[in-house]
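Here are my notes on the model you sent over. Have the structure open while you read.

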Amino acid sequence: MAELSFVIPMSVMTLFWGVIGGVVPWFIPKGPNRGVIVTMLVLTAVCCYLFWLIAILAQLNPLFGPALKNDTIWYMYYHWP
Amino acid sequence: MDSFFRSEEMCLVQLFFQTESAHNCINELGHLGLVQFKDLNPGTVAFQRRFVKEVKKCEEMERILRFLKNEVVKSNIHIPADFTSERIHLPRDVLDLESSFDKLEKELKEINSNRDTLRQNFTQLMEINHLLQMTDDFFEEAESQLSISELPSEDSVYSSRMTSRRTSYTSTNGPLKLGFVAGVIKHERFPAFEKILWRLFHGNFVLRHAEIKPHEEENMAEDLEKKDVFVIFVQGDQVRGKIRKLCDGFHASMYPCPNNAYARKEMRTNANTRIEDLRLVLKRTEEFRATALNAAAADLQEWTTKVKKMKAIYYTLNLCNIDITQKLIVAEIWCPVSDLNSVHTALIKGSEQSGSSLSPVVNRIQTKQTPPTFNRVNSFTSGFQSIVDAYGVGNYQEINPAPYTMVTFPFLFAVMFGDCGHGLVMTLLALWLILHQEHFRKLKNELIDMLVGGRYIIFLMGLFSIYTGLIYNDCFSKSFNLFGSSWSVRPMFHPHGPWTNETLHDSGHLHLDPLVSGVYSGNPYPFGVDPIWNIASNKLSFLNSYKMKMSVIMGVAHMLFGVTLSLVNYIFFRNLKDIALQFIPEVIFMLSLFGYLIFLILYKWCVAIKSESAPSILLLFINMILFDYGSEGAVLYTTQKPVQIFLVVVAVLMVPWLLFAKTLLLYREHKQSKLVFGISNQEASDNRKEKVSMGDIFVYQGIHTIEYCLGCISNTASYLRLWALSLAHAELSEVLWKMVLQVALRVTSGMGSVLLAVTFAVFAVLTVTILLVMEGLSAFLHALRLHWVEFQNKFYKGSGYKFTPLSFDRMRDMQ
């Protein structure tokens, strides 16, 4: 259950970039620019997905936590959930 | 569909057309803009070519047109833009245009010289006018002074007391022969003039001067210099000669000034009438000139394009061969295969226009020469193609990196720029450039032209920067908290965790410990970097580690992509040998070392480890290469040691494969071909040639191996600039916030609002100049370098030459 909050963003992003990179290219109309547009879509999907994936994996198992000032901690104790 | 991924297939075509229809045909081809003429007379010098006279004529006409344009611009007449695209013109137009240009030029020169002489006369008359006026004042003043003081050195002309001393510059009687010289001199030269007069005459003179103050109607002269009127009273005649020479030296103009008031008045009325006449004549001259220039200005643009076209056509004709019978012109052109039909139709149209009966012959020939590289671009792709070509134009039919650069270049820029607020500003700026591109093009400023040419690049860079900014969670150095942070403070306190209120009072900074349950929720922030890192004081420890690993992953992925493109090249050129000899060892080398590094990074991220026993990936990697497995606890997973040894051995084996395999194979091939042909007299020379080429190949292969293997390491490290620049950008952005805007936001008094407005202006200016312009240029440059060096040296040869067709549209755009 605690894993759900990780599975949801994972699947949403994978699905999103998978659609952009794998499904939308089939719907681009045939014309002189089709190859270029398809290349751009696929590359964008790959680059952006990879970038997001690195960001989320880097925070999955943190080895150390943030160091906060004591007044920040005081504020967060009362105002952050 | 292959058109943009590879340069187009070109063919060499021979054209035969008649001399009469040559002009029209080349005109049509120029409008089409798809053929490049080859030089069929490479040995001849420029002035030996056949049409050199016509080219000279065209250049002369261009000179006249430039002169006309200067005159038109000087008179502030507006030149209307030329919208008619003249498609038909004939060689006899050349003569017509030439004669009309000559006539125009002569006329204009005459008008100009007349006007200059008239102006000179006018200024002279005005000066005489002023002179007479001023000397009137002087003499009156002298007279009044003489009536007060009876100094004999002062001269007066109308003194009633000194009747015997009536002098003029013609009189020679009397003990004192005082005369005067009157003239006009430039204002700034006057002090030097006075000094030299003192030295010459040791003070035995009286000098009076006054500045000419121009009236309001005297605006006929364009640049009014400040001039002074002077009158010198001296003794003797010889000194007048000296003064004359002095005045000549100072370019002061002397005027004969009569010494009695009546003569002076008469002279003045004379001068005034002449001035009025001259004014009228000058006005008429100016009007005439204006009408002539207006008539010329209307056609100026059209003439310029016509002359340019003709010059280009003659230049092209110079490249062709003329047949012995003088009736046939032979030309060789490079042309894309897919456009042969349009070239043929254009030629037929051209020959029909000239009324010739025979249509030109198009004959495609086979050749071993390397054709030029032609990449068909539209306005969106031309910017990216030009930045690829700036490094080197690709070989004929080599794979074109431009379509991939269209995404990877803005993406790598964005990784280094990484701020969604700045990215938004950049996107809006690019949108403005795109929507108003015509308006910006008219300004004809070099910097703005560069910006307009790169408007789509800037647009994509801005869009990707917004995305990476959202992932870095950085917007003008502040973070968004959209989904709720994964870290919470409450579980750190008693009874759950080690903290109490006293711990808060005692220390300024406290670390959140992820091992205490509940502090870290177990699920990472779903989109990007957690917002708590923005307010943490050890933010850089986390971000540096994250960004460095991210740079290495991006770099290895980019380079693997480049090596894969080289595979595509080998397949296209049917170079299957090189696949086995070069591509496979390259890929295995890179994957076994750096692919494994990526695996280590991902493994350490995905698997939960105790922080005390977590080995550093860098140390693991170094120890792997050095085969150093001494220290305990230096393993991430159990079978690490054998796996690593295997990978390093494989990588080391790739080096001799890359180095020797190709050389040995080629050597064996040459040996076999020698055996097949048998022993002959040519063998001796062949042997030497072979030996030389063997050595060449060996050296080349050695260089390639060293470059690739060492390059793998250095290029991977080079990608760390992605981390470095994004760190610099984030820090600069934070400095601007902390030291500029936050200072104003903390002011509590009433004047704070005014201070805030001023500070925000400073903040905006600094953001645009430092963060957008300077950092933008810097990230642009580094992303470009990463593409040119680290990405392209895996597959791109880039030693072709560009296809430059004869195109009138391109000539007009470059104007």
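The points below go from the overall fold to the interface and then to the salt bridges.

1. First, a reminder that this is a predicted model. Chain B has 815 residues, 45% of which count as buried, and its secondary structure comes to 22 helices and 10 strands. Among its contacts with a separation of 6 or more, 81% join residues 24 or more positions apart.

2. On to the interface. Here 65 residues of chain B are in contact with 45 residues of chain A. The two chains bury about 5000 Å² between them, with carbon and sulfur atoms giving 74% of that area. On the chain B side, Arg490(B), Pro524(B) and Trp605(B) lose the most area to chain A, together 12% of what that side buries.

3. By type, the chain B side splits into 45 nonpolar, 16 polar and four charged residues.4. Strand E1 (residues 67-69) of chain A pairs with E10(B) in the antiparallel sense, over three bridges. Lys69(A) has His509(B) as its bridge partner in E10(B).

4. Gln14(B) sits in strand E1 (residues 10-18) of chain B. Gln14(B) counts as buried because its relative accessible area is 18%, under the 20% cut-off. Leaving out residues up to four places away in sequence, Gln14(B) touches Ala331(B), Glu332(B), Val361(B), Val362(B), Asn363(B) and Ile365(B).

5. Over all chains the structure holds 21 salt bridges. One of them links Lys311(B) and Glu62(B), at 3.5 Å from N to O. Lys311(B) is in helix H6 (residues 261-319) and Glu62(B) in helix H2 of chain B, so this pair ties together parts that are 249 residues apart in sequence. Lys311(B) is partly exposed at 24% relative accessible area, whereas Glu62(B) counts as buried at 16%.

6. Two other salt bridges stay inside a helix. Arg63(B) and Glu60(B) have their closest N and O atoms 2.7 Å apart; both lie in helix H2 (residues 52-74) of chain B, three residues apart, about one turn of the helix. Glu276(B) and Arg279(B) meet at 3.9 Å, N to O, and are likewise three residues apart, in helix H6 of chain B. Glu276(B) is partly exposed at 48% relative accessible area, while Arg279(B) is buried at 16%.

7. One last item: salt bridges with shared partners join Glu60(B), Arg63(B), Glu105(B) and Lys109(B) into one network.

How values were computed. Residues numbered from 1 in each chain as written. Chains lettered and ligands numbered in written order. Predicted model: local features only at pLDDT ≥ 70, side-chain atom pairs only at ≥ 80, totals over all residues. Heavy atoms only, no water. Contact = heavy atoms within 4.5 Å. Buried area = accessible area lost by both parts, 1.4 Å probe. Nonpolar A, V, L, I, M, F, W, Y, C, P; charged D, E, K, R; others polar. Pairing = 2+ DSSP bridges. Helix = DSSP H or I, 4+ residues; strand = E, 2+ residues; numbered from the N terminus. Buried < 20%, exposed > 50% of the residue type's maximum accessible area, 1.4 Å probe, protein only. Salt bridge = Lys/Arg side-chain N within 4 Å of Asp/Glu carboxyl O.
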